[in-house]
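Work through the exercises below with the sequence and the coordinates at hand. Each task is followed by a solution in steps.

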Amino acid sequence: MAKITILIHCKDTSGIIASVTNFIHKNHGNIVYIDQHVDRENGIFFMRSESVFNEKTFQLKNFKSSFEELIAEKYEMEWQLYTDDYRPKMALFVSKYDHCLYDILGRYNAGEMNVEIPFIISNHPDLKHIADSFKIPFYHIPVTKDTKEKAKKEQLELLEKFGIDFIVLARYMQIISEKLIERYEHKIINIHHSFLPAFVGAKPYHSAYKRGVKIIGATSHYVTEELDAGPIIEQDVTRVTHAHAIEDLVMKGRDLEKIVLARGIKLHIDRKTMVFNNKTIIFS
């Protein structure tokens with residue numbers, strides 16, 4: 001069976017769901033999942049559907065052109081269609097912290113993430129041994145005041161050469177270039193070491209400790225030009241008390257970072273995220 005996922009958003013009006021589902025039915029498809037959301041403040045309709053078709057008779061090109069002509073144009077839709085057999089290509093950017101990298105590669109090795117990882121990029125050589133142990137190419141691209149422009153160029157060349165679909169910053173401690181963000185809009189996933197917005201900076205757990213916080217958290221979000229202010233994909237928290245030392249907070253925080261980043265990646269891979277006005281719609 002051929003399986004496709006369709007994501008749409010457009011101005012909210014009556015008849016959209018009926019038109020889409022009838023179109024799929026007329027093309028001999030069986031809808032196995034459908035969910036929708038209406039942003040009433042902006043009058044915008046969002047929908048995600050999964051459908052299966054007979055692989056022998058289904059013609060993807062004809063389906064897409066007919067959907068555009070008969071449905072999308074009528075409702076002035078923004079829409080994307082994804083096939084289940086395509087494995088998106090994910091590039092990993094890392095620095096010196098290894099906990100998120102180990103977690104992602106472990107899940108990838110176990111078959112939890114339906115992606116390809118053509119390479120890992122780092123501004124330090126420290127984690128090359130991890131890439132080698134998982135047999136994934138590792139590119140050391142230093143980023144200094146003098147090499148910044150050269151590094152940006154090398155990164156883009158690699159991403160384009162391997163046809164990368166999206167990027168994951170697995171604790172990459174450098175600011176991403178505007179050109180890269182523009183090229184991969186809503187396709188760069190970052191993990192932030194706090195429950196945004198709070199305790200930003202180099203030592204968030206120290207700040208949290210001094211304030212006597214009762215929860216700490218982690219936030220996975222898409223990267224935008226405004227630092228740490230992109231659309232949020234996933235968040236989680238864990239409770240702490242006055243009895244926890246800073247080292248305990250760091251350990252608990254890193255556990256959360258791994259989990260929240262993995263969830264964010266999985267949501268993106270499964271095409272369950274949509275972005276509108278710097279806010280995400282996350283489908284179940």
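The exercises cover a sheet, a helix pair, a hairpin and a loop residue.

This is a predicted model, in which local features need pLDDT of at least 70, side-chain atom pairs count only at pLDDT 80 or more, and totals for chains, interfaces and linings use all residues. Residues are numbered from 1 along each chain as its sequence is written, and side-chain values use heavy atoms, with hydrogens and water left out.

**Exercise 1.** Give the strand order of the open sheet of seven strands and name its edge strands.

Solution. Helices (H or I, at least four residues) and strands (E, at least two) are DSSP runs, numbered from the N terminus. Two strands pair if DSSP finds at least two bridges between them. On that basis the order is E7-E6-E5-E8-E9-E10-E11, and the pairing is mixed. Strand E7 (138–140) and strand E11 (232–239) are the edges, each pairing on one side only. Neighbouring strands are turned against each other by 20 degrees on average, direction ignored.

Next, take the pair at one end: E10 (residues 215–222) and E11 run antiparallel and are joined by seven bridges. Histidine 221 has isoleucine 232 of E11 as its bridge partner.

**Exercise 2.** Determine how H1 and H2 pack, and which residues meet.

Solution. Axes are lines fitted to C-alpha atoms, for helices over the stretch in contact, and angles run from 0 to 180 degrees between N-to-C directions. The axes of H1 (residues 16–26) and H2 are 11 Å apart, at an angle of about 165 degrees. H1 is therefore roughly antiparallel to H2, a label for angles over 145 degrees.

Contact means heavy atoms within 4.5 Å. From H1, Ile16, Ser19, Val20, Phe23 and Ile24 take part; their counterparts in H2 are Phe63, Ser66, Phe67, Leu70, Ile71, Lys74 and Tyr75.

**Exercise 3.** Describe the hairpin of E2 and E3.

Solution. Strand E2 (residues 30–39) runs antiparallel to E3, with nine bridges between them. Aspartate 35 is opposite arginine 48 of E3. Four residues lie between the strands, and glycine 43 has a positive phi near 65 degrees.

**Exercise 4.** Where is asparagine 54 placed, and how exposed is asparagine 54?

Solution. Asparagine 54 sits in the loop between strand E3 (44–53) and helix H2 (60–75). Its relative accessible area is 38%, so asparagine 54 is partly exposed; buried means under 20%, exposed over 50%, and partly exposed in between (1.4 Å probe, protein chains only). The C-alpha atoms of asparagine 54 and lysine 64, 10 residues apart along the chain, are 16 Å from each other.

Note on methods. Parallel < 35°, antiparallel > 145°, perpendicular 65-115°, else oblique.
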